[in-house]
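Here are my notes on the ligand site and the pockets. Please read them with the model open.

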Amino acid sequence: MAYTYDDQNIFAKILRGEIPNTTVRETEHTLAFRDIAPQAPEHILVIPKGTYVTADHFATEASDAEIADFWRTLGEITRELGVAADIGNGYRLIANSGIDGVQDVPHFHMHILAGRKLGPMLMRRD
Ligand code: AMP
């Protein structure tokens, strides 16, 4: 089944400039901004500007240029924050996808969480 992109999702509105964001970095294909409800001292969302719903959608259908730009931008942010694991204390990446992944916003995004020891990877809540 093909993905259908909801252009009324909150990140689509951010990309169109309809609601504000705290931008960390912007490139031709990628936008990174601070999460509005941070769960760590550093909590940044990295999103492609293209209309991809999930990580697998992006990985399957984005161009090589979009994918390279996304990962390069993410890497640059970890260095800028001083948390890249060779120069700092590291970080965690999370890409919630779909129903079981409990994805709230249906525009692919990677969370970068850093700035404190983040604890166990998953908390069981069922
Ligand atoms: P997810 O559950 O992975 O879809 O995460 C969505 C994330 O988007 C959550 O961490 C929210 O706090 C964040 N978020 C929602 N609205 C905004 C907004 N207007 N600006 C920045 N982050 C937002």
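Which pocket is the space taken by the ligand? The ligand takes up the space of the largest pocket. Keep in mind throughout that this is a predicted model.

1. **Ligand shell.** There are 15 residues around the ligand. Those that come nearest are Asp35, Asn96, Asp104, His109 and His111. By class, the shell holds eight nonpolar, four polar and three charged residues. Helix H1 (10-15) supplies at least two residues of this shell, and so does strand S2 (30-34).

2. Asp35 places a polar side-chain atom 2.5 Å from an oxygen atom of the ligand. For His109, a polar side-chain atom lies 2.8 Å from a ligand oxygen. In the side chain of His111, an N or O atom is 2.8 Å from an oxygen atom of the ligand.

3. **Cover.** How much of the ligand's accessible area does the protein cover? On its own, the ligand has 510 Å² of accessible area, and the protein covers 86% of that.

4. **Largest pocket: volume and lining.** The volume of the largest pocket is about 1,400 Å³. Its lining counts 37 residues. Nearest the centre of this pocket lie Gln39, His43, Ile94, Asn96 and His111. Asn96 and His111 are also among the residues that come nearest the ligand.

5. **Largest pocket: elements.** Which elements each supply at least two residues of the lining of the largest pocket? They are H1, S2, strand S3 (42-48), strand S4 (91-94) and strand S5 (110-114). H1 gives the largest share, with three residues. H1 and S2 also each supply at least two residues of the shell around the ligand.

6. **Second largest pocket.** Here the volume is about 160 Å³. The lining is made up of Asn89, Gly90, Tyr91, Arg92, Gly115, Arg116, Lys117, Leu118 and Gly119. How do these lining residues divide by class, and how many are charged? Two are nonpolar, four are polar and three are charged.

Key. Residues numbered from 1 in each chain as written. Predicted model: local features only at pLDDT ≥ 70, side-chain atom pairs only at ≥ 80, totals over all residues. Heavy atoms only, no water. Near = heavy atom within 4 Å. Polar contact = N/O pair within 3.5 Å; in protein donor to acceptor, adjacent residues only side chain to side chain. Areas by Shrake-Rupley, 256 points an atom, 1.4 Å probe, with all protein chains shown as cover. 1 Å grid on protein atoms, 1.4 Å probe; cavity = no way out; pocket = protein on both sides within 12 Å on 5 of 7 lines; lining within 4 Å. Sits in = over half its atoms within 2 Å of the grid points. Helix = DSSP H or I, 4+ residues; strand = E, 2+ residues; numbered from the N terminus. Nonpolar A, V, L, I, M, F, W, Y, C, P; charged D, E, K, R; others polar. Points joined across faces, edges and corners; volume = space filled by probe spheres on them.
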